Amino acid sequence: MTTTRQQVLVLYLDTSALDSKVVGWARYDGTGSARPTTGDSDEPPYETGVGALEDGWRLFQASPLVPPYPGAEHATSFLKHEFFFEKLVPR
Amino acid sequence: MENYQWLPITPHDSPPLRFYGCFMPTTKQLLSSAEVARFTAHGFLRLDGVVPGELNEEALGAFAAGGLPAVPYGTPVPAAFPEGSLTRRLLELPSLAGALDSLVGPDPAVDHHFVHTRLPHEGSAQPLHADALIDVRADAFDVQLMYYPQEVTASMGGTLVVPGSHLRRTNESDTGRYQNLRGQTRLTCPAGTVLLLHHGIWHGGRRNDSDTVRHMYKIRFNPTVPQVRLWDTRDVDSPAVREELRRTFPWYEQATARLEIHNRILLWRSLTADPGFDIDHWATRITNRPAAHAAPRSTA
């Protein structure tokens, strides 16, 4: 019997638009065949979020657009434009 | 794209590194305003190969033998590191002494120090993090010194540092989800290299895929004086200062990059005691409130 496992790709984009450029990325591999980790590459896997879609990744979560907290409009914190993608692959 | 891996900072007004082995300046070499502006933008300075070879050898031996004894939090440098000790001699190198004086000021307290060791093929990296607690002081910052006594090659898992991340308000390893960011620095360096970092910088020890043990010695310093104009300020009005402060980094989102520059302006105002300093009108524009300063109009 064929089972599937989830591979997850997280892309951080330049703006809230899915076709804007990738500024950060992370991978997690439920197949156990790879162990991506912090600081393991300098070049992103795709130039834009749409590039991931074109390669078969399915988008399943995107950051909402949240207004700044009153009084903290100029504070910077986490990256704002986070997109989660998945592939289901046979194992 | 600029290669942030190779932006060594050299001490102001001093022919640097090649002097070791034949001549050692004995006076502190303060940073220039442009260099402090670069620290303000990047969140760190890098001094390549500033520690002489014999001290590197001695340090490697001490680190391999189990590190250095702990120091109580807040101990003054002379009490923490007696005259002649390895750490004291390291801190007395003119380029390091001058850079530390320029950033954290004279007579800082030692917060803590520790030798970090990454074993060969250990299999994991640290999550991206900032040290200690979320720390949003607007008029003070701690400086962390990272010293690499041996050459660090790409496979040895040199420290990951994210330029320009130090003013982000995040707590410790909550950034662990971010594996890679454009423009990150995966440190490779010659022996005797030192980084001086703002306390808020995002960083992490990378996975050591080599056959070599890698050591990094970190000391955190707390300021004991106001961090205002502590460096060589002769070039404070130089265009190079603004060039450094308006620098953006490849991982910044388009909109947030503007906020980063705004926040650097505020930090530079604090560092220079110049409340009117601005770049491209960013801070002035959004604080211009004529009505708040106008005399009340008569309604008669």
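Colleague: What makes 30 residues of chain B and 24 residues of chain A count as being in contact?

Modeller: For these 30 residues of chain B and 24 of chain A, the criterion is that C-beta atoms, placed from the backbone, lie within 7 Å. The model is predicted, so local features need pLDDT of at least 70 and side-chain atom pairs pLDDT 80 or more, whereas totals for chains, interfaces and linings use all residues. Residues are numbered from 1 along each chain as its sequence is written, with chains lettered from A and ligands numbered from 1 in the order in which they are written.

Colleague: Why are β7 and β9 of chain B called edge strands?

Modeller: Three strands of chain B form an open, antiparallel sheet in the order β7-β5-β9. The strands β7 (185–186) and β9 (203–204) each pair on one side only. Strand β5 (residues 160–161) of chain B meets β9(B) over two bridges, and H203(B) in β9(B) is the bridge partner of V161(B).

Colleague: What makes the set of 76 residues a nonpolar core?

Modeller: The term covers buried Ala, Val, Leu, Ile, Met, Phe, Trp, Tyr and Cys residues joined through C-beta atoms within 7 Å; buried means 20 or more other C-beta atoms within 10 Å of the residue's own. The largest such core has 76 residues, and L11(A), V143(B), Y147(B), V194(B) and L196(B) have the most contacts inside it. Domain 1 (4–222) and domain 2 (238–292) of chain B both contribute residues, so the core lies between them; the bounds come from an automatic or database domain assignment. Beyond its neighbours within four places in sequence, Y147(B) is in contact with residues including V51(B), L90(B) and V194(B).

Colleague: Why does the radius of gyration of chain B agree with a compact globule?

Modeller: Taken over C-alpha atoms, the radius is set against 2.2 Å times the number of residues to the power 0.38. With 300 residues, the rule gives near 19 Å and chain B has 20 Å, so the two agree.

Methods: Buried ≥ 20, exposed ≤ 12 C-beta atoms within 10 Å, placed from the backbone. Contact = placed C-beta atoms within 7 Å. Pairing = 2+ DSSP bridges. Helix = DSSP H or I, 4+ residues; strand = E, 2+ residues; numbered from the N terminus.
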